[in-house]
Amino acid sequence: MLPAIEISQVHKRFGNVQALRGVDLSIQQGEFFALLGPNGAGKSTLINILAGLALADSGHLKVLGHDVRTDYRAARRSIGVVPQELVYDSFFTVREMLKFQSGYFNLRDNNAWIDELLESLGLADKADAYVRSLSGGMKRRVLVAQALVHKPPVIVLDEPTAGVDVELRQSLWAFIRRLNREGHTIVLTTHYLEEAETLCSRVAMLKQGEIVALDTTANLLNRYAAIQVSVRLDPPRLPDVLQPLLCGQEGEEFKLSLKHHAELENVLYALREAGIRVVELEVSKPDLEDVFLKVVQS
Amino acid sequence: MTGLWTLFYKEILRFWKVSLQTILSPVVTTLLYLLIFSHVLEEHVRVYPGVNYTAFLVPGLVMMAMLQNAFANSSSSLIQSKMNGSILFILLPPLAYWEFFVAYVAASVVRGLVVGLGVGLAGLWFTAMPFSHPLWILAFALLGCAMLGVMGIISSLWAENYDQMSAVQNFIIVPLTFLSGVFYSINSLPPFWQGVSRFNPFFYLIDGFRYGFFGTSDVSPLFGLSIVATCVLALSLATLLLLKSGYKLRK
């Protein structure tokens with residue numbers, strides 16, 4: 001099966017800034033993929049090149065096997081992009097914008113799908129309102145609808161929930177999840193790492209234009225994120241054998257860093273052997289934020 | 001072709017929705033010129049034998065309105081969408097660079113013709129007009145609107161803000177239009193300025209357009225047509241190359 005997105009050795013420079021330094025990435029069809037990185041890491045540049053909004057200095061990018069330069073019509077028909085900025089054309093209504101967008105993709109009669117999109121995104125009662133009159137959250141929904149108007153097999157969402165309220169975020173993700181279940185490939189960039197952790201099966205992290213981590217979410221969590229255990233002991237002392245695991249102490253509370261949950265049994269065993277009683281114990285779940293910070297700061 | 005047609009229709013709808021500003025307003029402004037200049041100069045100026053000054057003025061003002069509005073249509077649409085970011089709605093779809101070009105130029109031609117028709121019809125209220133060679137009228141009208149539509153695309157591609165865009169409008173387009181013989185025949189100018197006027201392509205547009213009405217012109221209409229057609233062709237090729245390269249559109 002063709003990869004949904006294939007990126008090889010992509011370089012891009014803006015003046016003195018090297019935005020992308022030989023990025024290689026392959027995303028399979030049906031994946032829910034996260035592209036993460038700090039501001040200025042090159043995420044949006046990569047997405048813009050993929051969507052044809054920017055041109056790479058060198059390298060190749062394909063969407064479902066179609067080169068974004070030489071076979072741009074097929075490539076652009078295969079991809080739908082929700083841009084980061086809240087952009088809109090102030091002259092037109094929501095329905096007009098969706099009809100135009102359909103026409104640009106050579107779709108003459110797309111009203112049934114437009115109605116379904118409006119309904120699914122909670123825009124049905126705003127269909128004839130001017131986009132400029134809508135709230136920020138509603139404008140964001142219009143952008144999502146515009147990106148999906150041609151039923152693209154690959155959907156790229158660049159910070160889709162930035163500045164969006166919780167209710168919309170939940171309904172948006174429910175809709176995107178449904179599209180993913182129906183076979184659409186989803187690529188997401190977000191600053192809300194818990195979203196990426198919950199939704200995405202695979203993650204790539206960009207730093208200064210390079211991919212510095214690429215794996216399944218589970219593997220990244222196992223590899224980078226330590227499990228932190230906070231314990232209060234009686235008597236309040238840590239046996240020597242557990243000292244290497246100590247990563248901090250607040251009063252009588254010891255903080256231990258474990259690589260796997262399985263190590264917890266060893267800790268409890270060592271405490272029992274030393275005749276120390278556990279008064280209080282708290283295990284904190286590792287999250288993608290820990291991974292992100294470690295990867296980005298390394 | 002659905003993509004091209006949709007973009008063309010969108011551009012038409014864009015100016016139609018604000019027709020008070022894009023159609024009625026230039027028609028009224030041009031009629032004010034007609035009212036004032038014809039009132040002041042009617043008794044004092046005779047340019048062509050047997051043609052009163054008001055009748056001489058009408059084709060010039062019609063062409064001037066067409067040129068300025070054709071330019072305004074493509075340039076304002078593109079610069080606005082560049083500035084507010086909505087340009088990406090036409091950069092993301094699979095539209096070819098030539099479809100982009102044809103849609104914007106065709107919409108500019110339509111706006112130019114609609115405004116020109118408005119000014120022309122209102123001008124008939126002031127004076128009777130002959131229509132000696134209707135095909136010449138149509139040819140120069142189409143080429144004039146197309147030329148300015150193309151110039152509007154080039155200017156808005158180049159401009160990075162509204163200030164630069166208005167500089168092109170005020171320092172290039174308006175002077176070229178006013179100094180092209182809208183209000184006078186270049187034969188009434190000193191030899192030096194007659195020579196300079198011949199380097200202004202807008203002069204051939206107005207002179208040829210006027211020929212269509214009166215059958216009289218300062219230069220041969222065929223020569224004028226070939227100059228104008230060459231300019232349209234050269235500007236179009238340059239614009240197509242810019243659009244193909246993604247100049248200031250695809251970073």
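Predicted model: local features only at pLDDT ≥ 70, side-chain atom pairs only at ≥ 80, totals over all residues.
1. On the chain A helix, look for Phe100(A), Gly103(A) and Tyr104(A), which meet Thr2(B), Gly3(B), Thr6(B), Leu7(B) and Lys10(B) on the chain B helix.

2. Now step back to the whole contact between the chains. Chain A brings 24 residues to it and chain B brings 22 residues. On the chain A side, helix 2 (72-77) and helix 3 (94-104) each supply at least two residues. That side of chain A has 13 nonpolar, five polar and six charged residues.

3. Next, find the sheet in chain A. Six strands form an open sheet in the order 6-7-8-3-9-10, with mixed pairing. Strand 6 (79-82) and strand 10 (210-216) of chain A each have a single partner strand, so one side of each is left without a neighbour in the sheet. From one strand to the next, the twist averages 15°.

4. Which residue of strand 8 is the bridge partner of Asp158(A)? The partner is Thr189(A).

5. Helix 5 (residues 136-148) of chain A touches strand 6 and strand 7 of chain A, and its direction makes about 170° with that of strand 6. Helix 8 (residues 217-224) of chain A lies across strand 9 (202-207) and strand 10 of chain A, running at about 105° to strand 10.

6. The nonpolar interior comes next. In soluble globular proteins, nonpolar side chains tend to be buried together. Here the largest nonpolar core has 147 residues, and Leu50(A), Ala145(A) and Val156(A) have the most contacts inside it. Helix 3 (residues 53-84) of chain B gives the most to this core, with 17 residues. Leaving aside neighbours within four places in sequence, Val156(A) is in contact with Ile47(A), Leu50(A), Ala51(A), Ile79(A), Val81(A), Val82(A) and Val187(A). A second, separate core has six residues, including Ile227(A), Val231(A), Phe254(A) and Leu256(A).

7. Chain B has its own architecture.

8. How does the overall size of chain B compare with expectation? For 251 residues, a compact globule would have a radius of gyration near 18 Å, and chain B agrees with 18 Å. Its C-alpha atoms fill a box of roughly 60 × 35 × 35 Å along the principal axes. Of the 251 residues of chain B, 47% count as buried. Among contacts in chain B with a separation of 6 or more, 82% come from residues 24 or more positions apart.

9. Finally, is Leu20(B) buried or exposed? This residue sits in helix 2 (residues 19-41) of chain B. Leu20(B) is exposed, because 9 other C-beta atoms lie within 10 Å and the cut-off for exposed is 12 or fewer. The C-alpha atoms of Leu20(B) and Leu235(B), 215 residues apart along the chain, are separated by 30 Å.

How values were computed
Residues numbered from 1 in each chain as written. Chains lettered and ligands numbered in written order. Contact = placed C-beta atoms within 7 Å. Helix = DSSP H or I, 4+ residues; strand = E, 2+ residues; numbered from the N terminus. Nonpolar A, V, L, I, M, F, W, Y, C, P; charged D, E, K, R; others polar. Pairing = 2+ DSSP bridges. Axes fitted to C-alpha atoms, helices over the stretch in contact; angles between N-to-C directions. Core = buried A, V, L, I, M, F, W, Y, C linked by C-beta atoms within 7 Å. Buried ≥ 20, exposed ≤ 12 C-beta atoms within 10 Å, placed from the backbone. Rg over C-alpha atoms; globule rule 2.2 N^0.38 Å.
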